[in-house]
Amino acid sequence: GFKVSSEKLGLADIIFLTVGTPSSNDGGIDLSYIKNASEMIGKALKDQEGYHLIAVKSTVIPGTTENTLKPILESSSGKSIGEEIGLVMNPEFLREGSAVQDMFEPDRLVIGEYDKKSGDVLEGLYRGFYHRKMPPLLRTNLVNAEFIKYANNAFLATKISFINDIANIAQTVPGADVTIISKGIGLDNRIGGQFLNAGLGYGGSCFPKDVKALVAFSKQNGYDPILLDSANEVNFRQPLVALRLVKQLLGTLEDKRIAILGLSFKPNTDDIREAVSLPIIKAALEQGASVTAYDPEAMENMSRIFGSKIGYAQSALEAIDDADCCIVVTEWDEFRKLRPEDFASKMRNSLIIDGRRIFDAKSFEDKVSKFVAIGLGNELPK
Ligand code: UGA
């Protein structure tokens with residue numbers, strides 16, 4: 001919980017509304033926090049003089065700012081949006097872990113404005129802040145700004161699911177390697193090289209939630225968005241590719257000791273929201289394996305979910321000790337330092353599944369009992 005004095009809130013010229021919009025049970029988004037916050041802001045502005053601008057930064061379904069937030073702001077403030085209160089939707093594209101850098105050097109700014117004055121005020125703030133480094137600015141209406149945020153995340157998520165689909169095909173073709181294929185297509189300026197790292201799928205508090213919410217919204221409107229549905233489906237299946245490989249190679253997961261390296265949804269965070277480690281561990285346990293996990297930062301969070309159902313190691317080396325197989329789930333830098341000899345000497349059976357392509361396959365060949373990597377062609381038992 002946090003407290004904001006309504007007196008102080010009312011004194012601000014520009015109020016950024018940044019509360020979370022988590023998934024709701026029906027696949028849409030839960031607007032309760034943002035509705036409460038809007039009401040609080042409206043009340044705080046009730047007896048204030050002068051012009052105040054409200055800038056919505058939270059990710060909201062197209063139409064929400066105009067149809068849901070505006071009426072709340074108007075009824076709680078007793079003022080109409082326009083004259084005294086301005087309203088903009090200003091989506092943010094920050095990544096967890098590099099938010100400060102993304103804030104100082106954004107690719108672009110998007111301002112969705114209720115009216116010209118609202119947009120002018122926010123543009124003025126940004127021009128003063130960025131000065132000579134002002135990024136490209138797109139001014140549009142509220143609904144397009146809301147849409148841009150969803151389309152942006154949906155595109156990036158689809159790009160990842162696309163390369164994961166290619167990786168799964170490449171996996172069946174001896175000699176093929178998705179990292180090289182990514183490099184080759186990424187050099188085409190129309191495609192671009194970023195977000196083409198194949199792996200065990202995307203997680204986090206944004207991509208999975210936003211793709212699902214956009215799909216649900218679209219279906220509600222009567223359109224079946226088959227591409228986005230598939231991006232979501234590929235991502236749902238992708239973590240389990242790791243276990244399928246283990247099963248192909250060990251015959252069964254029953255009574256096997258599996259080491260999981262990396263639990264967070266990406267490196268350099270303890271965040272495990274929608275992390276792909278979750279479905280992997282869950283399915284491994286269901287199939288009778290025992291799991292020992294290690295993550296530099298996310299162990300505490302994970303222990304709240306799995307408790308004593310899995311083991312928690314103090315280091316990567318401890319996790320792989322006596323294991324039948326090891327799956328690299330998150331590409332933490334410290335895992336890159338592990339050598340083939342470490343796996344060969346520590347593990348009972350040195351089967352390694354490189355789920356994030358952090359190792360040089362050649363250096364592992366002949367040194368471990370089996371090295372398999374996502375999107376690296378290999379003839380495996382069917
Ligand atoms: C994402 C977007 O990148 C931000 O632009 C956006 O502002 C943010 O969501 C949001 O909506 O708030 P974030 O969730 O912090 O940011 O993380 P990313 O770095 O985008 O990674 C998301 C997931 O995609 C991770 O699980 C990562 O492992 C995976 N990923 C990313 C891949 O599997 N392959 C890639 O090539 C890139």
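Two strands count as paired if DSSP finds at least two bridges between them. In this predicted model, pairing of that kind links six strands into an open sheet, and their order is E8-E7-E6-E9-E10-E11. The pairing is parallel. Strand E8 (311–312) and strand E11 (370–373) sit at the edges, and each has just a single partner strand, so one side of each is left without a neighbour in the sheet.

Next up is a helix, H9, which covers residues 226–250. With 25 residues, H9 reaches 36 Å from its first C-alpha to its last, close to the 36 Å expected at 1.5 Å a residue. Even so, H9 has a kink of about 35 degrees, centred on Pro239. Just after H9 comes Gly251, which takes a positive phi of about 85 degrees.

Now for the surface. Leu94, Val100, Met103, Phe104 and Phe129 together make a nonpolar patch of about 470 Å². Helix H4 (residues 99–104) supplies the largest share of this patch, namely three residues. Leu94, another member of the patch, is found in the loop between strand E3 (85–89) and H4. Why does Leu94 count as partly exposed? Partly exposed means between the buried limit, under 20% relative accessible area, and the exposed limit, over 50%. Leu94 has 36% relative accessibility, so it falls in that middle class.

How values were computed: Residues numbered from 1 in each chain as written. Predicted model: local features only at pLDDT ≥ 70, side-chain atom pairs only at ≥ 80, totals over all residues. Heavy atoms only, no water. Helix = DSSP H or I, 4+ residues; strand = E, 2+ residues; numbered from the N terminus. Expected span 1.5 Å × (residues − 1). Bend = angle between axes of the 7 residues up to and from the residue. Patch = residues over 30% accessible without salt bridge, like charges linked within 9 Å, V, L, I, M, F, W, Y side chains within 5 Å. Areas by Shrake-Rupley, 256 points an atom, 1.4 Å probe, with all protein chains shown as cover. Salt bridge = Lys/Arg side-chain N within 4 Å of Asp/Glu carboxyl O. Buried < 20%, exposed > 50% of the residue type's maximum accessible area, 1.4 Å probe, protein only.
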